[in-house]
Amino acid sequence: MSTRLTPSEDFPEDLTALALPEVEVLNSRIHRELDYEYANDGEPSMETEIRHEELTEELDRRDQQPESTPALPDAVESTRRSS
């Protein structure tokens, strides 16, 4: 598996159906593809830009959800207690 997600590779139609770690991995792969395209082509493909925007919107939507929990809740809780 490549660390990048090229425009010709499949991309999920519904990002809301994915678990957060899956969305984060896709986001990382798209960022790597953006870097690659800028370095090699001078600009990103339209498909990569669209995918990046969709992922950004999905991650922003999830950040706004009140039921979101921190990645390391124990670490956050211990920090709160020591403050």
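Select Glu 9 and Arg 29. Their side chains form a salt bridge, 3.5 Å from N to O; the term means a side-chain nitrogen of Lys or Arg within 4 Å of a carboxyl oxygen of Asp or Glu. The pair links distant parts of the chain, 20 residues apart: Glu 9 lies in the segment before α1, Arg 29 in helix α1. Glu 9 is partly exposed at 28% relative accessible area, while Arg 29 is buried at 11%. Buried means under 20% relative accessible area, exposed over 50%, and partly exposed in between, with a 1.4 Å probe and protein chains only.

This is a predicted model: local features need pLDDT of at least 70, side-chain atom pairs count only at pLDDT 80 or more, and totals for chains, interfaces and linings use all residues. Residues are numbered from 1 along each chain as its sequence is written, and side-chain values use heavy atoms, with hydrogens and water left out.

Next, select residues 20-41. This is helix α1, with 22 residues. Helices are DSSP runs (H or I, at least four residues), numbered from the N terminus. From first C-alpha to last, α1 reaches 31 Å, close to the 32 Å expected at 1.5 Å a residue; the expected span is 1.5 Å times one less than the number of residues. Colour its buried residues: Val 23, Leu 26, Asn 27, Arg 29, Ile 30, Glu 33, Leu 34 and Glu 37. The cover over them includes α2 (46-64).

Zoom in on Asn 27, buried at 16% relative accessibility. What does Asn 27 touch, not counting residues up to four places away in sequence? Leu 55 and Leu 59. Contact here means heavy atoms within 4.5 Å.

Step past the end of α1 to Gly 42. Gly 42 takes a positive phi of about 85°.

Now show Arg 4 and Tyr 36. The charged end of Arg 4 sits over the Tyr 36 ring, 3.7 Å from its centre. The criterion is NZ of Lys or CZ of Arg within 6 Å of the ring centre and within 35 degrees of the ring normal.

Glu 58 meets Arg 61 in a salt bridge at 2.6 Å, N to O. Glu 58 also bridges to Arg 62, with the closest N and O atoms 2.6 Å apart. Shared partners join Glu 58, Arg 61 and Arg 62 into one salt-bridge network. Arg 61 is three residues from Glu 58 in helix α2, so about one helical turn separates them. Glu 58 and Arg 62 are both buried; Arg 61 is partly exposed at 34%. The whole structure holds five salt bridges.

Definitions and conventions:
Helices (H or I, at least four residues) and strands (E, at least two) are DSSP runs, numbered from the N terminus.
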